[in-house]
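Me: Could you walk me through reading this structure, starting with what lies inside and what faces out?

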Amino acid sequence: MQGSWAVLKKNCTNALPGVAAFSTQARQAYDTWCKLYHRGYKLGPKEYVEQSETYTPDFWKRGLSQDKNMWVDKTLSEDVSQKELAQLMRIKQDVWRLSHVAGTAFVLGGYSIPLSLFWLANDTWIPSTFSTAEADKQAWREAQDLYRYRNAPSYLMETKWFFDFHAYPLKPEHERGWDELFEKNDVRRDPAIVRAAAEMYDGFIKLETIKRKSLRHLSRSMNIPTFPMLTRLCNSTRVRDYWNLAFNEDYMVITQKLHEKMSDEDLYDYAWRRYLAPYDKKLNREQLLERVSDYHTFLGPKFVEEGKAPNLIILTNYVLGYYNDPAFLTEDITALDRNDYDHLASYGKDAFLRRLEFENGPLRDQVEAHSQKILEERAAAKKAAQPQVEA
């Protein structure tokens, strides 16, 4: 998140070509979105067309239903290709980045100029179109991955701690799958076992019930801006839209076995957009195919047969587990040895003891310094008043 002069110069140089590339790709992505929109209204189920919200007596459980508002179009490949869907996913995130930054101009006016310089001085919220050279792309991907590494552990632990308290696995295989879901970083998790736990927890872990704090962590882990998040519906809609596009692309890839035909670069991009393969790991093709295959197994047989996607909360916890790297912790283990209540020690002393400590501590030092200064001033004045004796 820290900016640098080198990044600022690079992004200022790439700004005009980046905006031009964004405009071109945005028009293409808009055409793709129009096809999806019209197909949804023409072929989608009634719940998907109506796009209903879910309400409960608790305001914090108001949200968008995954079951009603997400739909996998099995015949989408007739009008839209896999590469067009991939481009739309990238452009959607770029639009969110640009809209948040551009929105500050309407709110702050000219005061937004320093913020725009900070925005250009780091790659975290720079659109992907600003990076054309391979070195620039690597730097941009590194910034995205670092932001994922920073926020994914918070989202994972928030989910685990909250549902460890509120939910209890019904069967031993559910408990095993739940524990395996939160394994660290490069540990391979059995997708079939985790999927069984996902089906069990699907009964009460819903997208519409996600807490505001968890949604903020999830959005940041997905490189979605949260400044400001405005309402929970705002970011839950973005999360839902992103994964709805991903599921449609997944259906094409699985049914047509496209991942076996992709180039190494396209395969890495496909896995990276699903948070399966950080670029700093430099995975080879076999490792990528293993993670993609596990991800497809996690989607389950019902995904291909009925277009039913797994629980979105469990799914995001599963894929973001590849960014659950303890090496990126900012805390120090020695902090566990400190007394957590040092700041309360003063409450155990009466006014007389606190006065003695003050008079023999800070006050004494201040009086001594003040007295020393006065003595030096007097000595200097006395010396200046004495008559000068000529040699």
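Reply: A residue is called buried under 20% relative accessible area, exposed over 50% and partly exposed in between, using a 1.4 Å probe and protein chains only. By that rule, 45% of the 391 residues here count as buried. This is a predicted model, where local features need pLDDT of at least 70 and side-chain atom pairs pLDDT 80 or more, while totals for chains, interfaces and linings use all residues. Residues are numbered from 1 along each chain as its sequence is written, and side-chain values use heavy atoms, leaving out hydrogens and water.

Me: Which residues have the most contacts inside the largest nonpolar core?

Reply: In soluble globular proteins, nonpolar side chains tend to be buried together. A nonpolar core is a set of buried Ala, Val, Leu, Ile, Met, Phe, Trp, Tyr and Cys residues joined through side-chain atoms within 4.5 Å. Here the largest one has 84 residues, and Trp243, Phe247, Tyr295 and Val319 have the most contacts inside it. Helix H10 (residues 232-256) gives the largest share of this core, ten residues.

Me: What does Val319 touch, beyond residues up to four places away in sequence?

Reply: Contact means heavy atoms within 4.5 Å. Val319 touches Trp243 and Tyr295, along with Arg274, Tyr275 and Leu276.

Me: How many helices and strands are there in the protein?

Reply: Helices are DSSP runs of H or I with at least four residues, and strands are E runs of at least two, numbered from the N terminus. The protein has 16 helices and two strands.
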